[in-house]
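Student: Could you take me through one part of this model in detail, and then show me how that part sits in the whole chain? I would enjoy a close look at a single residue to begin with.

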Amino acid sequence: MMMDKQIEVNLNALPKEILYRIFNYLDDFHIFCTMKNVSIYMNTIIDQYHRYKVLTTLQLCNKKLGVEEIIFVANTLKQNQIVTTLDIGVNEFGDEGIYYIANALQKNQTLINLCLQLNKIGSQGTEYLANSLIQNQTLTRLNLHYNEIGDEGAKHLGNVLQQNKTLIRLNLIHNKIGEEGTYYLSNALKQNQTLTTFYLAENEIGDKGTEYLANALEQNQTLTILYLAKNNITDIGAEHFGNTLKQNQTLVTLNLKANEISSQGAEYLADALEQNQTLKTLNLKWNKIDDEGASYIAQSLYLNKVANIFYLFDVLLSYYNLTNEMKYFNDKKQFQKALELFYQCEQTNNEIISDLSINQALKSCTNIKDFQSGLNIYQRYSSQIEKNNYILASLIHFYMQSKDIKNAQILFDRLKNKTVGIYGAMMKGYITNNMPQKAIDIFFQITNPSITNVSLLFNACARIATDETLNLVKKVLSNLPDQYQNDKYILTTAFDAFIKSNDSLNAEKIFPKIPQNRLSYGNLMSAFNRTNQPQKTLEFYKQMKINQIQLDPPVCVLLINACSALGIYSISKSISEQIPESFLNNIFINNALIDMWGKSGCVEKAKNIFDSLIQPDTIGYTSMINSYGLNGMGSEAIELFNKMPSKLIMEETYVCVLNACSHSRLVEQAQKIFSNIKNKTENTCTTMVDCFSRSFLFEEAENIINIYESNHSPSPSMLMSLLSGARNAKNSQLAEKIFNRIEKYFPQIQDRIVSASVLLANVYASTGQMEKSLNIKRKLNEINLKKPSGLSYTEVNNKIYMFRAHDLSHPRSKEISDEIEKISKELISYGHKYDSSCITRPLNENESVESVLCGHSERLAIAWNFVANPNISRIQITKNLRVCGDCHESTKLIALIRQCEIIVRDASRIHYFHKNGKCSCQDYF
């Protein structure tokens, strides 16, 4: 301090190089406090000196700074653009000094960390500081611990937290804040969106203040660390926090050290931790928690999937090691070793047997299905077990696993204070014992379900998989608390319920929110395949590749099945080339490939794979026979069938070979095969009826139906096959007779009634009975019953396109319409006459027979191929319905006129429309 006069005389005149050297020998305190005489130049000097020595942090803590020195620091702070951290704690300059610092904060643009601990700051000083912080846009950390701000000061800081947008850390330890001050701070936390760390330890908030904070945390979405040590919090306060932790999903650290919490409070917290999925650190040292309470918390540590650091209690140490060792063995599935350790301690050190170790012993018995040992353990420790809800939950689980549902129910009904864990054990037990509806009933008894309870509900709904349970999943999922909405455990089980209920739309919506791996991708692809969305399966395969998720055999089979459904050669070829070579020995993949190539119109490739099989199984033989049948190769199908070992022949094999005969007019061969079938099922009989009906052998077909119905109820499939044959033969008398039987026996099966009505209307139209045909169509229209919409897939320029009948959704729809009109003119010039009998509904005012038939899905697909590639020589289409007579005749002519081979796979077979204007089916379809 003796240097002041010399510096006052000479410092400003010194060269910068000399100043730098002087500064090197001075600490922050002397730079800012001894050189008061150069304060007007200080910012210039420091800005230049900053290049030589960075001064971003000023440590002026415990320097005995008075108000005069603080005024100097504040004036410098107003202009300084370098300092980011200022520590002026432990100087005791009080409210007067903080006035100047607060004033400086309104102008400073760089300070982010301000330490003001131990400065005797009261409510007045806090008000000064609060007013400045409302305007300040840079400060992120404020340390006010060990001051005297009180409830009034807390009120001012509450105003700050409601308006300030930058503060992330606030330290108010030991500030004489009580219930009232906590009320103001808590209200602010409900609105605050930036604060992540809040130190409020060593105050006097009590249980009421804890209630205020707990309520705030149900709304706050940013606070992750909360310190409340030494605040006179009792079990009542612990209960408040327990209720909050069941909902809050942001808090990571909670410090409740040195309060008045007993075992009752520990149970409240433990119950919450079973549901909470974010809290990682809980400090409960130096409370009044005894052995029982400690076991509640310790048990929650085992049940909680996230928590990894708990400050427990000395009372646990005597038996915690035993429990840990048993848990280690159980986790490693070495259940017998865990039990041996338990029995050893019973003999040598019985006093360390705790509730937790009993729980582990019951778990061991359950997993090795040693139910007698489990019952013996229960009998030895029944008085101890029945005081602990966690062990009771394990006992219920034990009973359920041993299929002793009666005793589990008796125990459950006897308990008055059921925890979510006990409800969960009961739900899981019912699901395990294939009683999912009981599990659903239990769920509705729970007041505040946990994540586990909700997940078990969705699991139960997935087991039932009806429209009712699907709607229940949707309802519960949409009404979950916000903190549950993105929980991966809940979403994964909801995803499974959607998958098993064939609700691929909702499964796809939540898919991005669940862990994405081969299993989840495979489940979604399987749902797409089951709901006739094979193109979706291939789209998600592209996502798999982007996410670098490797294929496995089950996913390969799903991709191949999607290709089978699409039936497009180029797509099948592309996917087959991406299957790892190491998988090509897999029998499931080979069988799927045989089916895929057969349905894609490439019998030769299917045969090559079949021939490579050393020992084909039932599926391999049946897939190859079906491939022959679809492609009109009935003789080859019969030849392979005759070579098939009889022990491998199943119902599906008979159906496929009879179908092959049916579509190739091999009636006598079909009769021979059918006569050798010992157990004639509904499916095999239906296929034989179809074979006879296609050849107009209606007497033989009816004979099979009569024999079948002598021992069984009428079959809608058989009657529909006969009616289809009557339609082809234009036999209106037989068609009426069969339709009346279908209407009599199956009035409730709407899709059958619609299909039968359409077939009968077609018969009437084709035999000139137009009024009868129109009456049927009007009736269907009046009761709003419609034939399933036609759907066609095609591939153009390596992209899959899907068209529905009369589809206008394509971006180039106008060009497609123009091409259809052009094709129609060509057809008419070649003598084609549109067949009105193929129309299944009344015409609208703006429609004609031509416009309706030209709007069929395969016509749109054909037109789009020509729009995209005018000189195309090969078109391939897959349709979901049987091709109508008019489209069949039109496609033959289009192939001839445009000299383009057109392959159409419909619901029955594959049609090869050759350039000579003929079809491979020889018009037998």
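**A close look at Gln360**

Tutor: Happy to! Setting aside neighbours within four places in sequence, Gln360 is in contact with Thr323, Met326, Lys327 and Asn330. Please keep in mind that this is a predicted model. Gln360 itself belongs to helix 16, which covers residues 355-367. Is Gln360 buried or exposed? Its relative accessibility is 4%, and because buried means under 20% relative accessible area, Gln360 counts as buried.

Helix 16 spans residues 355-367, and Ile358 is one of the residues that touch the most other members of the largest nonpolar core. In soluble globular proteins, nonpolar side chains tend to be buried together.

Phe458 is worth a stop of its own. Leaving out neighbours within four places in sequence, Phe458 has contacts with Val473, Val476, Leu477, Ile490, Thr493, Ala494 and Ala497. There is also a second, separate core, made of 68 residues, with Leu58, Ile88, Leu167 and Ala188 among them.

Ala272 has a relative accessible area of 0%, so it is buried. Beyond the neighbours within four places in sequence, Ala272 is in contact with Gly242, Leu245 and Lys246. Between the C-alpha atoms of Ala272 and Asp404 there are 29 Å, and the two residues are 132 apart along the chain.

Now let us step back to the whole chain. The protein chain contains 47 helices and 15 strands, and 54% of its 925 residues count as buried. Taking contacts between residues at least 6 apart in sequence, 72% join residues at least 24 apart. The radius of gyration is 40 Å, whereas a compact globule of 925 residues would have one near 29 Å. Along the principal axes, the C-alpha trace spans about 125 × 80 × 55 Å.

The surface and the charges complete the picture. The accessible surface of the protein chain is about 42,500 Å², with 48% of that area belonging to carbon and sulfur atoms. There are 93 positive and 92 negative side chains, and the centres of these two sets lie 6 Å apart.

Key
Residues numbered from 1 in each chain as written. Predicted model: local features only at pLDDT ≥ 70, side-chain atom pairs only at ≥ 80, totals over all residues. Heavy atoms only, no water. Core = buried A, V, L, I, M, F, W, Y, C linked by side-chain atoms within 4.5 Å. Buried < 20%, exposed > 50% of the residue type's maximum accessible area, 1.4 Å probe, protein only. Contact = heavy atoms within 4.5 Å. Helix = DSSP H or I, 4+ residues; strand = E, 2+ residues; numbered from the N terminus. Rg over C-alpha atoms; globule rule 2.2 N^0.38 Å. Areas by Shrake-Rupley, 256 points an atom, 1.4 Å probe, with all protein chains shown as cover. Lys, Arg positive; Asp, Glu negative; His and termini not counted. Charge placed at Lys NZ, Arg CZ, Asp CG, Glu CD.
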